[in-house]
Amino acid sequence: MTRRSGDKNGVADPTSFIGTKKALTGGVVAGVIVLSAQGLVGQIYSGLEARRLLAGVISSALFFGSSIITGSATILALMLTMLSLTKSWDDDFEPSFFKRIERIGLLATISLIGGIVLLLFLSVPVQESDDVPASWFTTIYYILISYIALLSGLLVGVVLMLYNAITSLIDVVRPSLDAESEDEAEDPQTR
């Protein structure tokens, strides 16, 4: 049986979870906020009411799905840029930093796929069909709201993890930037 890197006797390295608690908390809070908005709307009792609300949610959910896809693709591109920046300071980074980048990449990929699935789901013209039972609209509405809440929480978590990775990168790069600033201040030819 092979062990994953960072595992010691089958136990995960605790440093690989640095910053995950903040990201998880932020993601859960964002998801709860989206679900709480549903609580403000109230419980839906009739299929006709759900059909009307679903029509309103679908138009904004299309923009939301597109934003999730765009944001996730941008984050993945930023991860590649961040990895290329770390190449010159490779010895200064802990293995936990690269685990964070790997985790951010995985979650950004999951949110990208989730955004695509949302757009595919919204492209099915359920509202146009008169053969769909009215009770289905209520179920579809609640599933859509829950899925949007899940994607919201996931993207907020990814952004918070990205922020933690950026601050780690700055902490490694900053000493050399500070040293360069001091060298320029001492060198009269640079003035």
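Predicted model: local features only at pLDDT ≥ 70, side-chain atom pairs only at ≥ 80, totals over all residues.

Now colour by secondary structure. You'll get four helices and zero strands, and reading from the N terminus the order is α-α-α-α.

The protein chain exposes about 12,100 Å², with 65% of that supplied by carbon and sulfur atoms. Of its 191 residues, 31% count as buried.

Time to go inside. Select Ile75, Met82, Ile104 and Leu144: in the largest nonpolar core, which has 33 residues, these four touch the most other members. Then show helix H2 (47–86), helix H3 (95–122) and helix H4 (134–186), as each of them supplies at least two residues of this core. H4 gives the largest share, with 15 residues.

Stay on Ile75 for a moment. Which residues is it in contact with, leaving aside neighbours within four places in sequence? Pick out Ile104, Ala108, Leu155, Val158, Val159 and Leu162, and you have them.

Last stop, back out on the surface: select Leu24, Val28 and Val32. Together they make a nonpolar patch with about 280 Å² of accessible area. Zoom in on Val32, which sits in helix H1 (residues 20–41). Is Val32 buried or partly exposed? Its relative accessible area is 46%, so Val32 counts as partly exposed.

Notes: Residues numbered from 1 in each chain as written. Heavy atoms only, no water. Patch = residues over 30% accessible without salt bridge, like charges linked within 9 Å, V, L, I, M, F, W, Y side chains within 5 Å. Areas by Shrake-Rupley, 256 points an atom, 1.4 Å probe, with all protein chains shown as cover. Salt bridge = Lys/Arg side-chain N within 4 Å of Asp/Glu carboxyl O. Buried < 20%, exposed > 50% of the residue type's maximum accessible area, 1.4 Å probe, protein only. Core = buried A, V, L, I, M, F, W, Y, C linked by side-chain atoms within 4.5 Å. Contact = heavy atoms within 4.5 Å.
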